[in-house]
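I opened the model to look up how its chains meet. I then turned to the strand order. My entries follow.

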Amino acid sequence: MERVSIDEQQCKSCGLCVSVCPVKILIISDRLNARGFRPAQCTDQDKCTSCSSCALVCPDIAIALYREVKA
Amino acid sequence: MAEEMKVIYERPRSWANKVTHYCPGCTHGVAHRLVAELVDEMGLLDKTIAVWPVGCAVLGYEYFTFDSVEAAHGRAPAMATGIKVTNPDNFVFTYQGDGDLASIGMAEIVHAAARGWPITVIFINNGNYGMTGGQMAPTTLLGQKTTTSPLGRTPQTNGFPIRVAEMLAQLDGPAYIARVSLDSPVNIRKAKSAMRKAFNAQVRGIGFSMVECLSTCPTNWKLTPVESMERIRKEVMPYFPLGEFKVAQGVL
């Protein structure tokens with residue numbers, strides 16, 4: 001299961017999450033969603049540190065964050 | 001076997017899972033989310049009544065699962081006072097922009113603050129009238145170009161911007177007045193804690209509370225969302241300093 005889950009239909013391609021990600025794993029993708037925006041996309045799920053900066057700045061509540069439970 | 005995952009962040013329950021009508025990058029969405037998170041965390045979902053303004057947030061009632069009413073332009077604090085007086089057990093907040101609160105609704109907000117009834121006001125300050133096309137608002141900065149001040153706002157013809165939070169903090173009625181910014185993750189965290197205090201001021205029955213949120217309007221500022229955040233830090237914050245201007249005893 002992915003750590004950064006982006007709801008592509010909610011995303012409006014504003015790029016705020018891309019600008020605040022400290023590990024630079026978010027990009028604006030090339031494909032279009034149903035409303036004609038290019039949604040943000042996570043390039044490397046394993047690098048996510050769960051800092052939740054992206055979820056905090058997202059104006060469209062498109063980002064959900066998860067983390068593996070340590071055994 | 002699937003890995004067990006814990007939730008770091010998910011959508012609040014009081015959010016209605018709709019795509020908002022706001023422009024890309026508009027911080028109205030951030031303010032909406034903070035409100036929804038706090039309503040969830042403070043267990044207010046069943047007793048919240050929101051009063052929505054005229055302006056960009058006019059359709060705010062579409063996006064939440066709690067009850068909402070729609071006020072006439074600028075009259076949200078008056079309406080909220082009436083609802084709170086007749087339903088003292090409900091949690092009543094208004095959500096207003098600067099064209100609504102600081103211009104046509106200035107009398108209502110000042111008297112609501114002076115009366116000090118326990119209602120909460122979330123005030124979005126983005127320096128223009130966003131919905132109608134970026135006209136000059138009372139909070140437009142000096143020199144800022146808008147559709148009704150095409151050469152930039154000048155004090156001779158347009159007067160000076162109004163610092164609403166400082167002005168209301170002079171009154172004896174309010175319990176909690178603060179100004180926060182929605183420009184970065186750290187400031188959004190601080191904004192949430194200020195809003196929590198404002199909500200608490202009402203829940204504990206201490207008095208009127210208002211949180212002014214410095215927001216962006218990328219479309220009318222003609223900047224990208226990321227540049228708009230920069231503008232808040234460079235141009236807006238020096239004129240509208242962040243901070244708590246009034247904290248009555250018992251607010252936490």
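**Strand pairing across the chains**

I began with strand β4 (residues 63-68) of chain A, which is joined to β1(B) by four bridges. The two strands run antiparallel. I keep in mind that this is a predicted model. I then looked up L65(A): its bridge partner in β1(B) is Y9(B).

**The side of chain B that touches chain A**

I looked up the contacts next. On chain B, 27 residues are in contact with 25 residues of chain A. Which elements of chain B each supply at least two residues of that side? I found β1 (5-9), α1 (28-41), α7 (185-203) and α9 (225-239). The largest share, five residues, comes from β1(B). I also sorted this side of chain B by class: 15 residues are nonpolar, five polar and seven charged.

**The sheet in chain B**

I traced an open sheet of seven strands in chain B. Its order is β3-β2-β4-β5-β9-β8-β10, and the pairing is mixed. Which strands are at the edge? They are β3 (67-70) and β10 (243-247) of chain B, and each pairs on one side only.

I went back to the edge strand β3(B). Strand β2 (residues 48-52) of chain B pairs with β3(B) over four bridges, in the parallel sense. In this pair of strands, W52(B) stands opposite E70(B) of β3(B).

**A helix across the strands**

I ended with α1(B). This helix lies across β2, β5 (120-125) and β9 (209-214) of chain B. I noted its direction too: α1(B) runs at about 160 degrees to β5(B). α1(B) also supplies at least two residues of the side that touches chain A.

Technical notes
Residues numbered from 1 in each chain as written. Chains lettered and ligands numbered in written order. Predicted model: local features only at pLDDT ≥ 70, side-chain atom pairs only at ≥ 80, totals over all residues. Contact = placed C-beta atoms within 7 Å. Nonpolar A, V, L, I, M, F, W, Y, C, P; charged D, E, K, R; others polar. Pairing = 2+ DSSP bridges. Axes fitted to C-alpha atoms, helices over the stretch in contact; angles between N-to-C directions.
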